Amino acid sequence: MDVLPSAVLPSAVSPSAVSPSAIGPSAVAPAAVAAAAQAACAAPPPRLAGPALENLHPALWRANQVGGARDPCFATGFGMLDATLPGGGWPGRALTELLLPHPGVGELRLLAPALAALMREGQALIWFDPPASLCSWALAALGLDAQQFVIVRGRDGLRGRARELLPAADTLWALEQALKSGHVGAVLAWLPQRLRADALRRLQLAAQAHPGPAFLFREAEARVRPSAAPLRLLLQPAGADRLLLRVLKRRGPPLLQPLCLALPPVLSNAARTRARQAAGQAPAVHAPGPVLG
Amino acid sequence: MLWLGLHLPLLSLEAFEALLAPEQRSGPVALLQDHRISAANAAAAQCGIKPGCKRATALALVPQLLFGQADAGRDAQALLAVARAALAFTPTVSLQPPSTVLLEVQASLRCFGGPAALLQRLRERLAPLGHALQIASAPTALGAALLARWQGNASVAGSGSASHGGSLAALQAALDVAPVWMLCADPEQAQAMHGMGLRTLAQLRQLPRSGLARRFGAGLLADLDRAYGSRPDPRASITLPPVFDSRLELFAHAETTEQVLQGAHVLLARLLAWAQAQHARVAAFTLVMLHETRLRGAPQAPACTELEIALAEPSGDAAHLQLLLRERLANVSLAAPALELRLRCRHLRHGAPPTGELFPTRASEHEGLTRLIERLRARLGDSQVQRVMAVPDHRPERASVLQPLQAALPRAEAARQQLPDAQGLAKRPVWLLPQPLALPERHWQPLFEGRPLQLLSGPERIEAGWWDGELAARDYFIAQAADGALVWVYRVRLSLSAPAQDPANVGWFLQGRFG
């Protein structure tokens with residue numbers, strides 16, 4: 001068994017992270033996090049007599065604090081993002097919704113560090129209805145062994161009217177089974193459009209038996225519709241090898257400023273500079289986060 | 001010699017009730033033989049229906065009574081299943097028709113830790129077959145059979161009790177007070193003995209043997225001697241057939257797969273009893289549904305439907321097999337009502353089952369994952385659960401092939417070394433479109449969604465496939481779309497040698513997206 005980097009271990013996420021002052025020192029990129037923390041807590045919490053409310057139960061947090069997590073979280077590999085997410089990583093036993101305008105904005109490069117850590121532990125990944133074929137070469141470059149994936153396709157089975165009436169009932173069933181079984185390392189699912197809220201609610205209940213992270217990829221228009229997922233992120237491309245990430249919902253105060261993450265690069269440095277110049281933007285608008293190869 | 005007699009007092013009723021839906025089973029049910037009631041369940045007995053009364057009488061008492069026809073063949077199949085399950089404990093198992101199974105367990109006592117432990121395990125093993133049991137042990141085979149039948153009769157409530165005649169003398173003392181009708185072949189004989197004032201076997205033994213043989217035949221005397229141990233009683237043991245093949249006639253025409261499932265559970269329980277008797281686990285089995293042949297609406301309906309269920313990992317778990325069958329049946333629509341079911345199994349994995357784990361470990365997790373995948377395959381179809389295989393080919397659309405996931409997932413440790421070194425690789429997009437998307441062109445620049453693509457990196461030339469007729473001669477570029485996402489496009493290289501190219505295959509194409 002491989003020795004994991006310490007950031008991946010759930011024990012690295014201490015319960016003291018519930019207090020806002022603990023966010024700054026634990027973060028990797030202090031400048032960016034300070035801004036996030038300022039946005040997070042505008043006013044200091046009022047002093048109360050007796051034990052602090054948030055210490056009564058691990059599931060309690062103040063409205064101006066980022067919530068803690070009882071369940072293990074999985075470090076994202078991006079320090080800025082870890083500091084923003086409650087618990088310091090992708091949550092286990094809960095759904096994580098990623099809203100994308102279209103597949104191919106850098107979503108897999110965002111998830112790859114966490115997924116690779118899970119695969120190194122020997123955990124399985126199940127992919128439900130991926131939107132296109134997977135290239136094993138590209139995944140190997142991200143540290144993922146595509147031959148270990150299980151890919152489940154449910155949509156081809158339905159024909160005719162049933163396909164319109166039942167939006168991939170098979171996929172939802174299979175997804176629920178995978179979440180309930182609790183033997184899967186991580187679940188990645190591309191859900192059909194116009195999914196009903198009760199289906200999501202049901203998946204969220206099933207996810208409580210699933211110790212690993214569960215990622216749902218949905219269309220960006222779903223941001224105005226309610227969802228039971230405790231963590232919702234909106235991803236948008238922001239130039240070459242950059243990803244703009246808005247936290248739509250989390251256990252904590254809303255994050256007003258979007259995060260700009262530097263993804264593992266596809267382009268060479270020269271090509272990236274060329275792309276930025278062509279796009280008419282300065283080479284470094286946002287401080288780049290730690291870049292993972 | 002220590003014989004265990006397993007008597008199944010309600011065999012024919014239970015064999016029939018197993019075919020019924022649970023709500024039917026809780027209502028009054030009775031079995032008919034020659035227009036007379038031969039057995040009735042508890043609900044029917046409560047309404048006053050007794051074995052022996054006429055059909056019309058029973059209907060007058062309970063108009064909603066559910067009748068079944070007594071079927072000796074069905075009972076024999078059920079009895080055989082019990083006998084096969086008992087083979088897990090001793091090789092010497094013989095049948096005593098109509099409803100008793102005899103086991104010689106003297107040699108097995110030590111292995112299973114004494115009679116009490118053996119009995120408990122025997123009951124646990126027979127529980128899935130769903131029969132009430134009366135068990136007795138005795139030094140002679142027929143003595144054990146008689147005791148099992150009689151002791152249970154004496155106290156119906158304690159039908160699970162086991163009485164033990166330890167020594168031959170104790171057995172003879174127990175048999176002396178047993179009623180004579182148990183030895184009789186038919187009711188007339190019993191009537192005759194009753195008329196002669198014979199009540200117990202002791203009274204029967206006091207009579208002159210020659211006179212008894214003249215009146216009732218030599219068979220009665222021979223049985224009496226065998227039961228008392230004064231005559232040898234050789235028994236033929238049953239053996240397991242190499243291939244499991246069991247049939248079951250359904251009670252009603254099964255129009256839905258739910259009704260089929262009811263009968264299939266019975267067959268699955270028998271299959272597992274057969275597999276466990278040889279310490280094996282089931283690797284694959286076939287359920288055949290025999291349809292009603294002459295259906296007016298569908299003359300072309302097939303005679304039977306076969307469902308082949310192959311497991312990735314052999315299993316001896318009834319619940320898991322039932323679940324797989326349920327998911328598989330949920331996808332099947334019956335062409336015609338099913339009349340009869342047939343379960344066949346010839347693929348077994350012999351050997352001790354894997355050790356169970358108390359705490360979750362890597363192995364138990366892997367087993368859970370295998371079961372999950374089996375379940376998904378049963379419901380969605382084998383071709384819908386896939387894995388990616390890397391193929392050494394330069395053409396990107398051929399370098400990764402999706403294959404149905406056939407066997408169990410390989411353990412992660414085994415395959416880890418195969419991960420290629422990521423450093424020296426050219427950049428490839430994660431998402432590959434199934435069909436390259438043709439892009440329009442303006443001022444020598446490809447357009448995507450109406451806006452020009454900005455080429456950032458390239459060209460990377462891929463030229464391969466001349467040997468299989470799918471020549472790909474392309475220059476690949478990494479380009480940036482208007483919204484900032486990176487895409488992978490190529491331009492088909494113009495070939496000088498073949499000027500007349502297909503116009504649909506010229507120009508710019510989008511093949512992948514960097515996810």
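In chain B, β16(B) and strand β17 (residues 445–448) are paired in the antiparallel sense over 2 bridges. Strands here are DSSP runs (E, at least two residues), helices are runs of H or I with at least four residues, and both are numbered from the N terminus; two strands pair if DSSP finds at least two bridges between them. Within this pairing, Arg442(B) stands opposite Gln445(B) of β17(B). The sheet itself is open and has 3 strands of chain B, in the order β16-β17-β18, with antiparallel pairing. Because β16 (441–442) and β18 (451–452) of chain B stand at the edges with a single partner strand each, one side of each is left without a neighbour in the sheet.

The model is predicted: local features need pLDDT of at least 70, side-chain atom pairs count only at pLDDT 80 or more, and totals for chains, interfaces and linings use all residues. Residues are numbered from 1 along each chain as its sequence is written, chains are lettered from A and ligands numbered from 1 in the order in which they are written, and side-chain values use heavy atoms, with hydrogens and water left out.

**Where the chains meet**

The size of an interface is often given as the accessible area lost when the parts come together. Chain A and chain B bury about 5,100 Å² between them, 60% of it on carbon and sulfur atoms; this area is the accessible area (1.4 Å probe) lost on putting the two parts together, summed over both. On the side of chain A, Trp137(A), Gln147(A) and Trp173(A) lose the most area to chain B, together 15% of what that side buries.

The contact (heavy atoms within 4.5 Å) takes 64 residues from chain A and 53 residues from chain B. Between the chains there are 13 residue pairs in polar contact, both residues being at pLDDT 80 or more. A polar contact is a pair of N or O atoms within 3.5 Å; within protein, one must be able to donate a hydrogen and the other to accept it, and residues adjacent in sequence count only if both atoms are side-chain atoms. The elements of chain A that each supply at least two residues to the side touching chain B include α4 (107–120), α7 (169–181) and α9 (269–279).

Strand pairing also crosses between the chains: β5(A) and strand β15 (residues 431–439) of chain B run antiparallel, joined by 2 bridges. Leu134(A) has Trp431(B) as its bridge partner in β15(B).

**Backbone details**

| Residue | Backbone value | Location |
|---|---|---|
| Pro98(B) | cis peptide bond with Pro97(B), omega about 5 degrees | loop between β5 (93–96) and β6 (100–104) of chain B |
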